[in-house]
Amino acid sequence: MSQHGPRDLTNPEFWDDWYETGSQKTAQKAAGTLKENDWSIGRSGTFIRMVTRHLGSIENQRLLEVGGGGTNLRLLAIRKWLRPHITVLDYSPHGIALVEKSFEAHGETLDTIEDDFFTIDLSENPFDIVLHWGVLEHFDDPAPFLQACSRALKPGGRMLFGMPNMLAWGAQFWKRWSPENWSVHILHEDQDVISCAEEAGLELVSAFHCGTPLFRITPWEKKGPAQFTLTVAQAGIRRLTRIAPVIDRLQSPRFSAERVFLFEKR
């Protein structure tokens, strides 16, 4: 998140570029098109069911997403279908502008904070829930980030977060064909994450895998027929999930796209 915390492999300029290219470009085009029947982020979609299964009812609870800039249709869906009070903290001004635009287009409200997560004091008005998706793996040391998350939570508050499953067999294509993007991600083993979280006063509730089988997680930097084939395969798997949502719940450490953790503050 900043030079004040652990070594961050990314920076605001990296994310500004990401929001203009790659998968975020597609997501931006989807702004204004959040559909109730969407297979993942619709009212009964696989992502929303996962959040509900692990957090229960969160209506009117105060929820903070760290690194939540961008169009962020996942967070928009949480707000629209589950009705918590949303705050987004991000150090990218472009990311903050995009999430505000996305929520406004859907008639939803949120608070935003453009600041340094490692220096801002959120402990005087802590949150019920902290979320972050695809953030922790960008730091060489997970401990300071998890400590900051703990400070932002009230006692009994919960933290739900996910990281790309870098141990999935398909991640080897990511490593081989998108080496620059791969290089800004660090694989933190489950036990390292759990130990750092426990030292921060967080107790593990559950750890699991979810998401469609992983073939392609980021736009290829090296292109060719094989890369095109896997891109088509990934799109096909996602479409298949619409009629067979159980695919998204295989929870396979070798196939699933995401590793997810739920902790509770002691």
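Predicted model: local features only at pLDDT ≥ 70, side-chain atom pairs only at ≥ 80, totals over all residues.
Let's start with the overall picture. The protein chain has ten helices and seven strands. It runs to 266 residues, and 52% of them are buried. Now take the contacts between residues at least 6 apart in sequence. Of those, 78% join residues at least 24 apart.

Next, helix 6. This helix covers residues 142-151. Is it mostly covered or mostly open? Mostly covered: seven of its ten residues are buried.

Look at the start of helix 6 for a moment. Asp141 has a side-chain oxygen there. That oxygen reaches to within 3.0 Å of the backbone nitrogen of Ala143.

Now the pairing with helix 9. Two packed helices are described by the angle between their axes and the distance between the axes. Here, the axes of helix 6 and helix 9 come within 9 Å. They cross at roughly 45 degrees. Helix 6 is therefore oblique to helix 9. The crossing is right-handed.

Which residues meet at this crossing? From helix 6, they are Pro142, Ala143 and Leu146. From helix 9, they are Val193, Cys196 and Ala197. The residues of this contact divide into six nonpolar, no polar and no charged.

Last stop: Phe215. Where does Phe215 sit? It is in the loop between strand 6 and helix 10, and helix 10 spans residues 225-243. Phe215 counts as partly exposed, because its relative accessibility is 27%.

What does Phe215 touch, leaving out residues up to four places away in sequence? Gly170 and Phe173 are on the list, and so is Trp220. Leu230, Ala233, Gln234 and Ile237 are the others.

One more pair to find on screen: Phe215 and Trp174. They are 41 residues apart in sequence. In space, C-alpha to C-alpha, Phe215 and Trp174 are 8.1 Å apart.

That's the tour. Thanks.

How values were computed. Residues numbered from 1 in each chain as written. Heavy atoms only, no water. Buried < 20%, exposed > 50% of the residue type's maximum accessible area, 1.4 Å probe, protein only. Helix = DSSP H or I, 4+ residues; strand = E, 2+ residues; numbered from the N terminus. Polar contact = N/O pair within 3.5 Å; in protein donor to acceptor, adjacent residues only side chain to side chain. Axes fitted to C-alpha atoms, helices over the stretch in contact; angles between N-to-C directions. Parallel < 35°, antiparallel > 145°, perpendicular 65-115°, else oblique. Left-handed = near helix turned anticlockwise from the far one by under 90°. Contact = heavy atoms within 4.5 Å. Nonpolar A, V, L, I, M, F, W, Y, C, P; charged D, E, K, R; others polar.
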